[in-house]
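Here is a short briefing on one structure.

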Amino acid sequence: MEPCGALGEAIGFLEHFEELPDGRQAGKIVYPLDEVLLLSLLAVLAGAETFTDIARFGQKKLDLLRRFRPFADGTPPHDTLGDIFASLDAESFQRCFVSWVASVTGTPEGVIAIDGKTVRRSGGKKDAKAPIHMVSAFAARQRLVLGQVKVDEKSNEIVAIPKLLDLLAIEGAIVTIDAMGCQRDIAARITDKKADYVLALKGNQGSLREDVALFVAEQQAKGFQDTTISQHETVDGDHGRIETRKTTVIHDVAWLRARHDWPGLKSIVVVESTRRIGDKIDSETRLYITSLALIAALVGPIIRSHWAIENSLHWVMDMVFRDDECRVRTQNAPANFTTLKHMAHNLLRQAPGKDSLRLRRKVAAWDDDFLASLIAV
């Protein structure tokens with residue numbers, strides 16, 4: 001359907017969803033899918049958290065919507081919206097999302113953090129349905145969601161991460177994943193796509209973790225005399241907290257790569273952190289393996305960048321988009337609604353100015369011109 005209004009041609013994101021399958025019978029479609037997507041995205045940008053909210057937004061903002069599309073039959077009621085998003089193929093929707101983000105950002109530079117988040121109220125007590133778990137890729141520098149894949153529970157992240165990597169263009173980037181993703185096949189997939197990895201080591205990698213921990217302990221006891229290392233230390237303090245991080249990169253790992261047949265392995269990283277709050281001192285040592293051959297002063301910030309996905313995405317989804325309170329549960333609707341919120345997140349991030357995402361979302365609720373400008377890309 002042709003765009004209408006002066007700003008109609010500016011909605012570039014809809015072009016990337018033209019191939020999204022619409023399972024409804026063609027002769028019975030009252031509300032075109034592009035109009036439903038536009039309505040839903042604008043509503044979520046303006047604060048909508050349920051399909052009822054989206055339907056009310058459509059009723060109140062019909063004049064704004066018609067600046068972009070005809071909406072000849074108005075906007076759908078909430079139950080129709082729920083049915084459409086429940087039946088919409090989640091994987092196809094996610095692929096369209098990735099295509100749209102790639103067109104805006106190109107190949108992301110720097111760290112791509114991959115981690116999962118459970119949408120806690122997406123499960124159902126009556127049918128014992130487990131809440132969905134979304135595994136997302138997050139560009140730490142740009143603070144944008146690059147893609148996401150739905151799984152039924154956290155343990156399936158091992159299956160979801162390769163699917164997510166297959167969707168993304170990651171050449172030249174550095175992929176960081178917590179211990180759940182420390183798998184040989186995942187490391188191989190990353191290096192095959194001409195990217196690097198930094199993978200956390202924990203108990204799920206039994207013999208590899210044990211070999212690394214034993215080697216590190218032996219070398220620490222000898223002052224690293226038998227191996228080549230680089231080290232870097234940082235001290236941060238605020239609000240009565242002082243945190244010291246000492247990063248050690250061990251560069252002699254040919255023996256480990258040969259013993260475990262680990263693709264692309266070039267270094268072991270040891271991060272020793274000490275946090276002092278008043279008289280209380282907490283210490284922690286974390287181990288990583290990486291395909292990078294960089295000195296410690298460069299590797300330390302890369303590892304810290306991984307936490308951007310917790311602070312700048314997961315926390316934002318809960319506190320700004322109220323993700324954990326979302327009660328959308330039917331079929332594919334929870335995954336599709338999360339993808340919709342990720343779209344809104346990215347558009348709010350790209351808006352000029354220094355306002356917080358929460359404030360930008362509030363402004364979008366009452367300023368039609370600002371709301372329209374968010375999608376005019």
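**Sheet**

Nine strands form an open sheet with mixed pairing, in the order S3-S2-S1-S4-S5-S9-S8-S7-S6. Strands (E, at least two residues) and helices (H or I, at least four) are DSSP runs, numbered from the N terminus. Two strands pair if DSSP finds at least two bridges between them.

This is a predicted model: local features need pLDDT of at least 70, side-chain atom pairs count only at pLDDT 80 or more, and totals for chains, interfaces and linings use all residues. Residues are numbered from 1 along each chain as its sequence is written, and side-chain values use heavy atoms, with hydrogens and water left out.

- Strand S3 (144-151) and strand S6 (229-238) are the edges; each has a single partner strand, so one side of each lacks a neighbour in the sheet.
- S2 (residues 133-139) and S3 run antiparallel, joined by seven bridges.
- Met134 stands opposite Lys150 in S3.

**Aromatic pairs**

- Rings of Phe, Tyr and Trp (its six-membered ring) pair if their centres lie within 6.5 Å; planes under 30 degrees apart are stacked, over 60 edge-to-face, the rest tilted.
- By this rule there are seven aromatic pairs.
- Phe13 and Phe17 pair edge-to-face, at 6.1 Å centre to centre and 75° between the planes.
- Phe51 and Phe337 also pair edge-to-face, at 5.3 Å and 85°.
- Phe51 lies in helix H2 (residues 51-60) and Phe337 in helix H12 (residues 333-350), so this pair ties together parts 286 residues apart in sequence.

**Helix H4**

- Leu81, Gly82, Ile84, Phe85 and Ala86 are buried in helix H4 (residues 78-87).

Note on methods:
Buried < 20%, exposed > 50% of the residue type's maximum accessible area, 1.4 Å probe, protein only.
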